[in-house]
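Notebook open, structure loaded. I'm jotting things down in the order I looked them up.

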Amino acid sequence: MRILTGFEYEFNHCRSAMRLLCLLLLGAALVASSPHLWTKLILTHHWPCTFCSMEHCHSKIDHWTLHGLWPDNGMNCNSSWHFNSTEIEDLLDEMKENWPDLLSPSSTGFWKYEWHKHGTCAAKAACLDSQHKYFSKALELYHKLDLNSVLTKFNITPSEKYYPFPAIEAVIENFYGAKPKIQCAHPSKDADVQVLGQIEICFDTSFTLTDCEKQTSVEEEEAAFHTGRGRRKLSGFMVCDHNTPVYYPPLP
Ligand SMILES: *[C@@H]1O[C@H](CO)[C@@H](O)[C@H](O)[C@H]1NC(C)=O
Ligand SMILES: *[C@@H]1O[C@H](CO)[C@@H](O)[C@H](O)[C@H]1NC(C)=O
């Protein structure tokens with residue numbers, strides 16, 4: 001092995017710094033020229049029973065419901081683009097069933113909130129640039145995933161027995177061929193169980209399944225929704241712990 005002289009070392013070092021700088025500039029240019037400001041969409045499902053045990057609501061719904069369709073980048077992108085339920089009138093029955101406001105089932109407040117916070121950002125892409133396109137795409141992806149059937153098919157059903165977390169994760173990851181992000185409620189700091197609450201599955205800009213990341217800023221912000229609505233502060237979903245058993249609660 002040849003020993004580098006000080007000069008050569010400096011030179012190589014400098015060249016790799018330049019290369020890094022170049023990559024950074026290229027990356028910034030790509031982001032700037034991108035037609036959408038987001039690169040992924042996160043389709044989020046709730047398990048109503050877990051949500052309601054945290055939020056003190058009552059729900060008899062025993063299927064995973066839609067929580068939202070969130071671009072990975074940007075929030076509240078256009079405050080003058082008002083939610084208008086007339087534009088999605090043909091979707092409302094289905095939304096009540098699969099995208100319910102668990103806190104306030106007869107209100108459109110949840111959809112309005114999701115539209116302003118996430119929809120107006122998703123709408124930067126031409127394929128989602130109307131309220132109808134945004135909400136119908138979310139419903140379409142929800143049906144395409146059919147998470148409820150997939151879990152049932154692989155025997156992950158609400159139960160009084162606990163599941164090992166990796167078993168749940170493996171079913172979802174293997175079936176869709178993409179890493180989900182699975183969140184749990186943690187009843188107390190050192191509980192020996194965590195409660196299955198939220199499952200996120202991600203799509204790229206062409207609506208192809210892709211791996212989710214463990215943490216995005218969108219989510220931290222999202223938790224503010226429920227807090228903002230005046231109920232007790234949400235204790236919060238967190239990424240499920242790998243080694244703690246999971247309770248997937250049946251309807252009470
Ligand atoms: C915001 O939404 C309004 C209403 O749809 C639209 O006219 C306007 O062009 C939008 N602004 C931007 C910056 O996209
Ligand atoms: C809501 O949308 C409907 C249908 O597009 C339209 O006729 C109506 O004027 C809109 N309402 C408001 C307040 O913009």
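Before anything else, the cut-off I need: a residue is buried when its relative accessible area is under 20%, exposed when over 50%, and partly exposed in between. Also a reminder to myself that this is a predicted model.

I started with strand β2, residues 65–71. How many of its residues are buried? Seven of the seven are, so β2 is largely enclosed by the rest of the structure.

Next I checked what β2 pairs with. Strand β1 (residues 40–46) runs antiparallel to β2, and six bridges join the two. I looked up one pairing by residue: Thr44 has Gly68 of β2 as its bridge partner.

**Lys40**

While in β1 I stopped at Lys40, which lies in that strand. Is Lys40 buried or exposed? Its relative accessible area is 13%, so I put Lys40 down as buried, because the cut-off for buried is under 20%.

The side chains of Lys40 and Glu213 are joined by a polar contact of 2.6 Å. A polar atom of the Lys40 side chain also sits 2.7 Å from the backbone oxygen of Asp211.

**Salt bridges**

How many salt bridges are there? The count comes to four.

- Lys133 and Asp129 meet through their side chains at 2.6 Å, N to O. Lys133 is partly exposed at 36% relative accessibility, and Asp129 is partly exposed at 33%.
- Lys137 and Glu140 form a salt bridge at 3.2 Å, N to O. Where do they sit relative to each other? Both are in helix α5 (residues 131–145), and because they are three residues apart there, about one helical turn separates them. I noted that Lys137 is buried at 15% relative accessible area, whereas Glu140 is partly exposed at 40%.
- Glu173 and Lys179 make a salt bridge between side chains at 3.3 Å, N to O. Glu173 has a relative accessible area of 23%, which means partly exposed, and Lys179 is partly exposed too, at 41%.

**Gln183**

From there I moved on to strand β3, residues 181–185, where I found Gln183. Gln183 has a relative accessible area of 5%, so I logged it as buried. Which side chain does Gln183 reach? It makes a polar contact of 3.1 Å with the side chain of Glu200.

**Ligand 2**

Which residues are around ligand 2? They are Asn84, Thr86 and Glu87. I checked Asn84 in particular: an N or O atom of its side chain is 2.3 Å from an oxygen atom of ligand 2. For cover, I noted that ligand 2 has 370 Å² of accessible area on its own, and that the protein covers 26% of that.

Notes. Residues are numbered from 1 along each chain as its sequence is written. Chains are lettered from A and ligands numbered from 1 in the order in which they are written. This is a predicted model: local features need pLDDT of at least 70, side-chain atom pairs count only at pLDDT 80 or more; totals for chains, interfaces and linings use all residues. Side-chain values use heavy atoms; hydrogens and water are left out. A residue is near a molecule or strand if one of its heavy atoms lies within 4 Å of it. A polar contact is a pair of N or O atoms within 3.5 Å; within protein, one must be able to donate a hydrogen and the other to accept it, and residues adjacent in sequence count only if both atoms are side-chain atoms. Accessible areas come from the Shrake-Rupley method with a 1.4 Å probe; for residues, only the protein chains shown count as cover. Helices (H or I, at least four residues) and strands (E, at least two) are DSSP runs, numbered from the N terminus. Buried means under 20% relative accessible area, exposed over 50%, partly exposed in between (1.4 Å probe, protein chains only). Two strands pair if DSSP finds at least two bridges between them.
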